[in-house]
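Here is a short briefing on one protein model. Please look over the sequence and the fold before reading the points below.

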Amino acid sequence: MAKIGIFGAAGRMGRAIAQVALDAGLDISGGTDRPGSGEVAPGIVITSDPVELARRSDVLIDFSVPAALAAHLDACIQAGKPVLVGTTGLETQHHALIDKAAKSIAVLQTGNTSLGVNILSALVEQAAARLGDDWDIEIVEMHHRHKVDAPSGTALLLGEAAARGRGISLADHSARGRDGITGARVQGAIGFAALRGGSVAGDHQVIFATEGERIELGHRAESRVIFARGAVRGASWLLGQPAGRYDMKGVLGL
Ligand SMILES: NC(=O)C1=CN([C@@H]2O[C@H](COP(=O)(O)OP(=O)(O)OC[C@H]3O[C@@H](n4cnc5c(N)ncnc54)[C@H](OP(=O)(O)O)[C@@H]3O)[C@@H](O)[C@H]2O)C=CC1
Ligand SMILES: O=C(O)C1=N[C@H](C(=O)O)C[C@H](O)C1
């Protein structure tokens, strides 16, 4: 049976993934986290050495922090093991590291592992392809009070889908963090707004607004279990893939 290693195992997602994998009867080789993070689940060994974990795993799952990504990718390259990266808050330099790693190992990176969000992304791309840029696109997300990055990885994934549908680059058309006298909305911009509070697992809404009408497409996560299930499914799928960069579309057959 394939052994799954978890980077960031003591975090909210790390623990959820361990639980889902154990419930499914899968084998967990162990996890990494910062020293003193406590027990994740009975029998799961936590180390602070990602290379050691990668060597005794068949596939790795990373839900930790962007600052740890380089070390995690390096460990997977050294051990020759595939990895699913679910960590969000990634910037250009992190995506460049993933592209480089994907030359020698299989890497699946996604801002959201759930089936529902990936279906939503396909719908958003389709709607954006059919509506002209007199339809303003705004993406609103809400998450729990502990979340440290904004906009969420999912909001960016949905923004990328909208930009792809429109045939434009998101980097050149995104409007983030409006405050004060912003001036009127720029035609063709894709706007982002982030709310934080309570224990919300993850709500996303994509609004297409034009004169006189509005389309709203959305997704609400009711718990982290959906992300954990998607991560375990994605990791199992990665075991059969050659080196390269992947997202959830291949896993879910979209
Ligand atoms: N793609 C998806 O579907 C989803 C992505 N996410 C993303 O996953 C990430 C984790 O989320 P969540 O579990 O809620 O966050 P947590 O803060 O609960 O977990 C992150 C864990 O990583 C640990 N960590 C910090 N530095 C390192 C390191 N160098 N090596 C190993 N572990 C380290 C943290 O330890 P410490 O607390 O001591 O700093 C913490 O235990 C976030 O980026 C989040 O946005 C979340 C849900 C779904
Ligand atoms: O931090 C979270 O909790 C989540 N993060 C991901 C994101 O940034 O989109 C996915 C999910 O919405 C939960």
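Which residue just after α3 takes a positive phi? G80 does, with a phi of about 70°. The model is a predicted one.

- Seven strands build an open sheet with parallel pairing. Their order is β3-β2-β1-β4-β5-β6-β12.
- β3 (46-47) and β12 (244-246) stand at the edges. Each has a single partner strand, so one side of each lacks a neighbour in the sheet.
- β2 (residues 27-32) pairs with β3 in the parallel sense, over two bridges. G31 stands opposite I46 in β3.
- α3 packs on this sheet and touches β1, β4 and β5. The direction of α3 makes about 165° with that of β5.

**Helix α3**
- α3 spans residues 69-79, and its buried residues are L69, H72, L73, A75, C76 and A79. These residues lie on the same side of α3 because they cover an arc of only 155° around the axis.
- The buried residues of α3 pack against β1 (3-7), α2 (50-55), β4 (59-62), β5 (83-85) and α4 (92-101).

**Annotated residues**
- An unreviewed UniProt entry lists H143 and K147 under "active site".
- H143 is in strand β7 (residues 136-143). H143 is buried, with 25 other C-beta atoms within 10 Å.
- Leaving out residues up to four places away in sequence, H143 touches S152, R196, V200 and G202.
- K147 is in the loop between β7 and α6 (153-166). K147 is partly exposed, with 18 other C-beta atoms within 10 Å.

Terms used
Residues are numbered from 1 along each chain as its sequence is written. Chains are lettered from A and ligands numbered from 1 in the order in which they are written. This is a predicted model: local features need pLDDT of at least 70, side-chain atom pairs count only at pLDDT 80 or more; totals for chains, interfaces and linings use all residues. A residue is buried if 20 or more other C-beta atoms lie within 10 Å of its own, exposed if 12 or fewer, and partly exposed in between; C-beta atoms are placed from the backbone. Helices (H or I, at least four residues) and strands (E, at least two) are DSSP runs, numbered from the N terminus. The arc is that of the directions from the helix axis to the C-beta atoms. Two residues are in contact if their C-beta atoms, placed from the backbone, lie within 7 Å. Two strands pair if DSSP finds at least two bridges between them. Axes are lines fitted to C-alpha atoms, for helices over the stretch in contact, and angles run from 0 to 180 degrees between N-to-C directions. UniProt positions are given in the numbering used here, feature names are shortened, and annotations may be inferred rather than shown by experiment.
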